[in-house]
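Please look through the sequence and the three-dimensional model shown here before reading on.

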Amino acid sequence: MWHHARRIVEIRMGSRIRVVIAKPGLDGHDRGAKVIARALRDAGMEVIYTGLRQTPEQIVTAALQEDADVIGLSILSGAHMHICPRIVELLREHNMEDVLVVVGGIIPDADIPKLNAIGITGVFQPGTPMQDIVEFIRGRARESAAAKVE
Amino acid sequence: MGVFEPLYTPDSLRDLDLARDSPPPGQFPYTRGIHPDGYRGKVWTMRQFAGFGTPRDTNRRYRALLEAGGTGLSVAFDLPTLMGRDPDHPLALGEVGKCGVSVVSLADMETLFTGIDLGAVSTSMTINSPAPMLLAMYLVVAERQGVPWTSLRGTIQNDILKEFIAQKEFIYPPRPSMRLVTDIVAFCTAQAPKWNTISVSGYHIREAGATAAQELAFTLRDGIEYVQDAVDAGLDVDHFAPRISFFFNAHNDLLEEVAKYRAARRIWAHVMRERFGARDPKSWQLRFHAQTAGVSLTAQQPANNVVRTAVQALAAVLGGAQSLHTNALDEALALPTEDAALLALRTQQILAHETGVADVVDPLGGSYCIERLTADLEAEAHRQFDVIDRMGGMVAAIEAGYPQREIAESAYRDQQAVERKARTIVGVNAFESARHEPLATLYIDETAEQEQRAALDRLRRERDGNRVSAALGELQVAASGKENTMPRLLDAVRAYATVGEMCDALRQVWGEYEEVPII
């Protein structure tokens, strides 16, 4: 757990936010995942891209090993209502609720409140400016670090 | 987007020989079209891609389409099928029947085409890694309907190179994957000669971020790789080349897109005649399907997508597409609703029957701008061919990550242009609207997954397991040697082996491909 504490202090001190970008499921359309990975890196974050076809278990393990502050999921296949709750559940099992989960892809409007309800407030549909995503992650990572220290 | 001059004049064409390079349609090198009479003889085929849920759900949709006067079907498979996984595989969770129809075994293929005469319909199947397995299923359904393979008409995408380059639905490493492609070409050339064996696809390359020039160059270079592989396998180029077709994107930049299609025809004609020594004009003629650009659709102000799609479809028509799919306005959010899909089809019908653009062949031919762009795109494609040839061909270039890196670079540059507002997207980075009305989208429920899993359990209990194992063993023997895998796959299909089992049998022989991601 001291790992987490150290990361929190680092974020407070303005050090780099660590993000795991993941492509869950069977879909291979990775343009969005790769472009966002690069944009976050250019914005000064530490980015680990898992590559294709990761199970929720693999993604959470990667986040644990990489000591990630954020998991960014790219889902275009329509399986987001299966994958996202499973990731949130696994994070809870591993006491990693402080890891921010964001999702981007082909997400119908009707599913956004359902994702919000399980704690995923960063839901980005096609056309979202990269800068909005960067700012969202920065803002939430700092908030969560602050909350943890208090 | 290409960079254009503000004005094109006769001076722009000074170095070109249009009499030689852009002769009337129907004449080599077919820049202006492969048919002398363009769409006057026959308007393009309006082939809308569809598939969802169980084979029974999709069969109902197909029969309705055929009853409404359609003559062609286009099968969209779900991701587990595309990736060679059965519905009970852990990675299939939540994906069964979502992006297309779930087809697990011959039983599903029989259901999919119940009441549809395979001798009367032409069917396009978008499938790549498991293409030989799904084609084998289609052939066995025909066999059971009493339709001879020689009369079957249709297309199997069977383009694995663009999977490594762009769409990433690969299973095996590139070299055994190429061997499967060529097994289909060889088998169909002998047994199903009216079947289009490869649809060499630039669509996905463009969607992944390529420019028009990259789409053109990489796609045609993929085509060269397939022809070379089949020639190396001992086939006569004029026996199989007429059955290779192409599939291009129809993107926003109207003039550049029209030039792209014209350049594609000109390049391919020369490549086939000069590089491969083909003698049959059918081998020289590039035929293509086009689909409007999914990646151009926006979730914001979705009605705007109808306008984008109409202009993109116009580009495909002005460029002489043989067939066309138009996207629906809600596809940045979900699979289309029936109403949205109908409006997409109506867009094509309005272009065909109201605008007059189909009455004149290659109406932009001779334009200073279009002829210049055509020549420039052609030159750029040849430059890329040289780079890839020097690397040892497309498979070697893919193994070195070359096209993947070029495309990732273009995708990032494009996104940066949007961020800087150097490229305008109406409703996204300009002319935004504060109002956001949620759009009602198609909802695919979970019963398809449950039904397909239950059907699979039943199939495994009822079929002759020993016959399945024996057929899969024979398949592995063929795959380990040089024998064509298609006859072995046909036997496995007749024994009701599943897509996952057949793909696994080959995974055991060839292993799986793992890409090194290039960001």
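Predicted model: local features only at pLDDT ≥ 70, side-chain atom pairs only at ≥ 80, totals over all residues.

Residues are numbered from 1 along each chain as its sequence is written, and chains are lettered from A and ligands numbered from 1 in the order in which they are written.

**Chain A**

The secondary structure of chain A consists of 6 helices and 5 strands, where helices (H or I, at least four residues) and strands (E, at least two) are DSSP runs numbered from the N terminus. Along the sequence these elements follow the pattern α-β-α-β-α-β-α-β-α-β-α. Of the 150 residues of chain A, 49% count as buried; a residue is buried if 20 or more other C-beta atoms lie within 10 Å of its own, exposed if 12 or fewer, and partly exposed in between, with C-beta atoms placed from the backbone. Among the contacts in chain A with a separation of 6 or more, 77% join residues 24 or more positions apart, two residues being in contact if their C-beta atoms, placed from the backbone, lie within 7 Å.

Within this chain, helix H3 (residues 56–65) of chain A packs against H4(A). Pro56(A), Glu57(A), Ile59(A) and Val60(A) in H3(A) meet Ile83(A), Arg86(A), Ile87(A), Leu90(A) and Leu91(A) in H4(A). The residues of this contact of H3(A) with H4(A) divide into 7 nonpolar, no polar and 2 charged, where Ala, Val, Leu, Ile, Met, Phe, Trp, Tyr, Cys and Pro count as nonpolar, Asp, Glu, Lys and Arg as charged, and the others, Gly among them, as polar.

**Where the chains meet**

The contact between the chains takes 31 residues from chain A and 38 residues from chain B. On the side of chain A that touches chain B, the elements that give two or more residues are helix H2 (31–42), helix H4 (80–93) and helix H6 (130–149) of chain A. The largest share of that side, 5 residues, comes from H2(A). By class, the residues of the side of chain A that touches chain B are 13 nonpolar, 11 polar and 7 charged.

H2(A) packs against helix H18 (residues 402–419) of chain B. Their contact is made by Arg31(A), Lys34(A), Val35(A) and Arg38(A) of H2(A) and by Ala408(B), Ala411(B), Tyr412(B) and Gln415(B) of H18(B). This contact of H2(A) with H18(B) has 4 nonpolar, 1 polar and 3 charged residues.

| Helix pair | Angle | Axes apart |
|---|---|---|
| H3(A) and H4(A) | about 45° | 9 Å |
| H2(A) and H18(B) | about 65° | 10 Å |

Axes are lines fitted to C-alpha atoms, for helices over the stretch in contact, and angles run from 0 to 180 degrees between N-to-C directions. H2(A) and H18(B) are therefore roughly perpendicular to each other, given that angles under 35 degrees count as roughly parallel, over 145 as roughly antiparallel, 65 to 115 as roughly perpendicular and the rest as oblique.

**The sheet of chain B**

In chain B, an open sheet of 5 strands has the order E1-E9-E8-E7-E6, with parallel pairing; two strands pair if DSSP finds at least two bridges between them. The edge strands, each pairing on one side only, are strand E1 (45–46) and strand E6 (198–201) of chain B.

E6(B) pairs in the parallel sense with strand E7 (residues 244–250) of chain B over 4 bridges. Ile198(B) has Ile244(B) as its bridge partner in E7(B), and Val200(B) stands opposite Phe246(B). E7(B) also pairs with E8(B), in the parallel sense and over 5 bridges, and here Phe247(B) stands opposite His289(B).

Because 7 of the 7 residues of E7(B) are buried, this strand is largely enclosed by the rest of the structure. Both of its faces are covered, with Ile244(B), Phe246(B), Phe248(B) and Ala250(B) buried on one side and Ser245(B), Phe247(B) and Asn249(B) buried on the other. Helix H12 (residues 254–275) of chain B lies across E7 and strand E8 (288–292) of chain B, running at about 165° to E7(B).

**Ser12 of chain B**

Ser12(B) lies in the segment before helix H1 (18–21) of chain B, and counts as partly exposed because it has 16 C-beta neighbours inside 10 Å. Leaving aside residues up to four places away in sequence, Ser12(B) touches Tyr368(B) and Arg372(B). Ser12(B) and Cys369(B) are 357 residues apart in sequence and 7.9 Å apart in space, C-alpha to C-alpha.
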